Amino acid sequence: MEKVVIVTGANSGIGLALCERLLTEDSHVRLCLACRNLERAGAARAALLASHSTACVELLKLDVGSMQSVLSAAEEIKSRYNRIDFMYLNAGIMPNPAVDIRAFFKGLFSRNVINMFATAEGLLTQQDRLNSDGLQEVFATNLFGHFLLIRELEPLLCQPGHTSRLVWTSSSNARRSAFSIEDIQHRRGKEPYSSSKYASDMLSLALNKHKNQQGLFSSVICPGLVMTNLTYGILPSFFWTLIMPIMWLIRIFTNTFTLTPYNGAEALHWLFLQQPESLDPRAKYHSLTSGLGKNYTEPRRMDLDDEMTEVFYSKLVELEKAVRRQQRERTADSKHYQQYLNEIQ
Ligand SMILES: NC(=O)C1=CN([C@@H]2O[C@H](COP(=O)(O)OP(=O)(O)OC[C@H]3O[C@@H](n4cnc5c(N)ncnc54)[C@H](OP(=O)(O)O)[C@@H]3O)[C@@H](O)[C@H]2O)C=CC1
Ligand SMILES: CC(C)CCC[C@@H](C)[C@H]1CC[C@H]2C3=C(CC[C@]12C)[C@@]1(C)CCC(=O)[C@@H](C)[C@@H]1CC3
């Protein structure tokens, strides 16, 4: 039977490369590109069909940063599919990034240089903002919208006799010290991206603990440093072009410079081929590329605290309740408003 695969943020970068690789691996998959912009999603679909003309590629409007959009998309998914085999939670943002140039040059001449290039630890800050749901945008997009989607789709994801898989595109930039259990949305700090990725690592572990017995398995990956719209947002593209020869040179010393979206999607593709029972819930699966350009996947143990992971999971469930309440009130308000408009006309 054909596998149903949903990919969020599938219209560009690593998500699009993954779709291409999945269709090459299995031409019978039923692929759903879940994107916030249907025009860009349509262009991605056309590109995929150009090389896989008989493939089944469907589009779904989903803005993971908007809770209303997540709830509507989940309804649409439930009406279209009777099961989900893989859901790749890949959409992500890093708004207004700033590089600490001093820290970069200091790191360059330290023993920590390889780690700095692999994780960008201490190099990057971002400016976040509140979205229309009153949530921090990075948290809402990179984590919470995906969480709400999973919760909404539980009837499909947790079916007796069927295994469903979740795969998060996390990052080696995820850092415990950037995350605070008292401030899960990272309202006060300057590293919302790192915090949201650490949060996805914890959520994946918690989901395995709570849902494995119901047939739902979750994994996290890091694609390495990949040249995509996200990285082009960090430094201007002419600068990247300028330093590209150096980047290829650095690849000799660190296997985390995967650089192309195809290489970055390696671990996502690899996980598609694995049995979930053989995977380690505490491992992050890294896409790596050797100096000679060979791709491979390697698990690395994550720095996760079980107690904090559980507290975090219950905080997410609480927040979910509040968000649902808010959505219900909004629907009621707009109904009343509509009624009022009808009455005064
Ligand atoms: N590039 C890198 O070096 C690394 C990337 N990652 C992660 O990889 C993932 C993919 O990013 P990458 O391919 O690099 O970058 P891209 O910017 O190319 O891809 C991000 C995708 O997410 C989509 N997206 C963003 N916000 C939303 C939203 N609110 N709702 C739905 N879709 C949304 C984008 O859509 P749109 O085109 O409409 O903006 C785009 O399709 C991200 O989670 C990122 O954090 C992790 C480690 C390293
Ligand atoms: C200013 C300089 C001359 C050069 C600065 C280089 C930095 C911009 C890069 C060095 C390590 C890179 C890196 C990322 C972004 C760009 C760098 C900071 C990421 C944070 C991109 C997104 C991720 O999720 C990480 C895995 C990347 C880690 C390395």
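A: What follows is a short tour by topic, and the model is a predicted one.
Q: Start with the sheet. What order do the strands come in?
A: The order is S3-S2-S1-S4-S7-S8-S9-S10, in an open sheet of 8 strands with mixed pairing.
Q: Which strands stand at the edges?
A: Strand S3 (56-61) and strand S10 (295-301) do; each has a single partner strand, so one side of each has no neighbour in the sheet.
Q: And the twist, what does that average?
A: From one strand to the next, the twist averages 25°.
Q: How do S7 and S8 run, parallel or antiparallel?
A: They run parallel, with 6 bridges joining strand S7 (residues 164-169) to strand S8 (residues 216-222). Thr169 stands opposite Ile221 in S8.
Q: What does helix H2 lie across?
A: Helix H2 (residues 38-51) lies across strand S2 (30-35) and S3, and runs at about 170° to S3.
Q: Switching to ligand 2. Which residues come nearest?
A: Ala120, Ser171, Ser172, Asn173 and Leu225 do, out of the 16 residues around ligand 2.
Q: What kinds of residues make up that shell around ligand 2?
A: They divide into 11 nonpolar and 5 polar, with no charged residues. Helix H4 (101-108) and helix H5 (113-119) each supply at least two residues of the shell.
Q: Last topic: what does UniProt annotate at residues 230-250?
A: An unreviewed UniProt entry annotates residues 230-250 as "transmembrane region". In the model, that stretch is 81% helix and 0% strand, with the end C-alpha atoms 20 Å apart.

Definitions and conventions:
Residues are numbered from 1 along each chain as its sequence is written. Chains are lettered from A and ligands numbered from 1 in the order in which they are written. This is a predicted model: local features need pLDDT of at least 70, side-chain atom pairs count only at pLDDT 80 or more; totals for chains, interfaces and linings use all residues. UniProt positions are given in the numbering used here, feature names are shortened, and annotations may be inferred rather than shown by experiment. Helices (H or I, at least four residues) and strands (E, at least two) are DSSP runs, numbered from the N terminus. Two strands pair if DSSP finds at least two bridges between them. Axes are lines fitted to C-alpha atoms, for helices over the stretch in contact, and angles run from 0 to 180 degrees between N-to-C directions. Two residues are in contact if their C-beta atoms, placed from the backbone, lie within 7 Å. A residue is near a molecule or strand if its C-beta atom, placed from the backbone, lies within 6 Å of it. Ala, Val, Leu, Ile, Met, Phe, Trp, Tyr, Cys and Pro count as nonpolar, Asp, Glu, Lys and Arg as charged, and the others, Gly among them, as polar.
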